[in-house]
Amino acid sequence: MKKITLFDMDGTLIDSGLDITLSINHVRKVCYDLDPLSVQSVIDAINAPVRNLSEIFYGNPIYEERARELFECHYYDQCIQNATLYKGIPDLLENLSRNGFLMGVATNAPSIFAKRMLEYLEIDSFFKLIIGADNVDTPKPHPQMLHRHLEHDDYRSGTDYAWMIGDNTKDMEAAQRAGITGIFAGWGFSAQGEGDYFASSPDSLLDIIYQKDNV
């Protein structure tokens, strides 16, 4: 019996809100001469179920290539300046690894940033596979990213256990569409949300996963 835990990254494993905001504000200033946004307003926009981020961040409904290139160039260096692991994440990953769980990351961030940040924070070795939005045809809430993880781990429905942990409705929808259990991470970017389960902290996540009905 396999036990597979898939994690979203930003707002679930890593508090990256400040660095994302600083890079967005750099693009706002250089490309559009706009005033800076607050970290909270950026996080709220990212976690909104329906939104056009280019319009919200840059006042342009089309994400222009110049804006994309400038953001990615700036964020490559910025993404490891202030990023931190949420309290309890190192112990959570150690616990799951020690108990034979297979772990992976399924993030809508480009994989180049995901791998850079996870390596910088020294948790990349816990994950069998790290999949970003650029590695699939359609990102979350489409389940393709999750299906790739499950296929990689030779997941057998009805025999193995699998969970998707994330702080966004897209994570929970992707889990539902992939046919696995969704656990909403309430310690990160979003304090409230709905999934099959709600975890207020990494410790409470362990309690959910280790329930006798689950494992």
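User: What radius of gyration does the chain have, and which value would a compact globule with 215 residues have?
Analyst: This is a predicted model, where local features need pLDDT of at least 70, side-chain atom pairs count only at pLDDT 80 or more, and totals for chains, interfaces and linings use all residues. Residues are numbered from 1 along each chain as its sequence is written, and side-chain values use heavy atoms, without hydrogens and water. The globule rule is 2.2 Å times the number of residues to the power 0.38, with the radius taken over C-alpha atoms. For 215 residues a compact globule would come near 17 Å, and the chain agrees with that, at 17 Å.

User: How many helices and strands does the chain have?
Analyst: Both are DSSP runs, numbered from the N terminus: helices are H or I with at least four residues, strands are E with at least two. The count is nine helices and eight strands.

User: What percentage of the residues in the chain is buried?
Analyst: Buried means under 20% relative accessible area, exposed over 50%, and partly exposed in between, with a 1.4 Å probe and protein chains only. Of the 215 residues, the buried share is 49%.

User: Which residues of helix α9 are buried?
Analyst: Helix α9 spans residues 202-209 and is mostly covered, with six of its eight residues buried. The cover includes β1 (3-7), α5 (89-98), β6 (161-166), β7 (181-185) and β8 (197-199), judged by contact, meaning heavy atoms within 4.5 Å. The buried ones are P202, S204, L205, L206, I208 and I209.

User: Is C79 buried or exposed?
Analyst: The closest cysteine sulfur to that of C79 is in C73, 12 Å away, so too far for a bond. The relative accessible area of C79 is 0%, which makes C79 buried.

User: How many disulfides does the chain have?
Analyst: The disulfide count is zero.

User: How far apart in space are S41 and T21?
Analyst: S41 sits in helix α2, residues 39-47. S41 is partly exposed, with a relative accessible area of 31%. S41 and T21 are 20 residues apart in sequence, while their C-alpha distance is 9.0 Å.

Technical notes. Disulfide = S-S within 2.5 Å.
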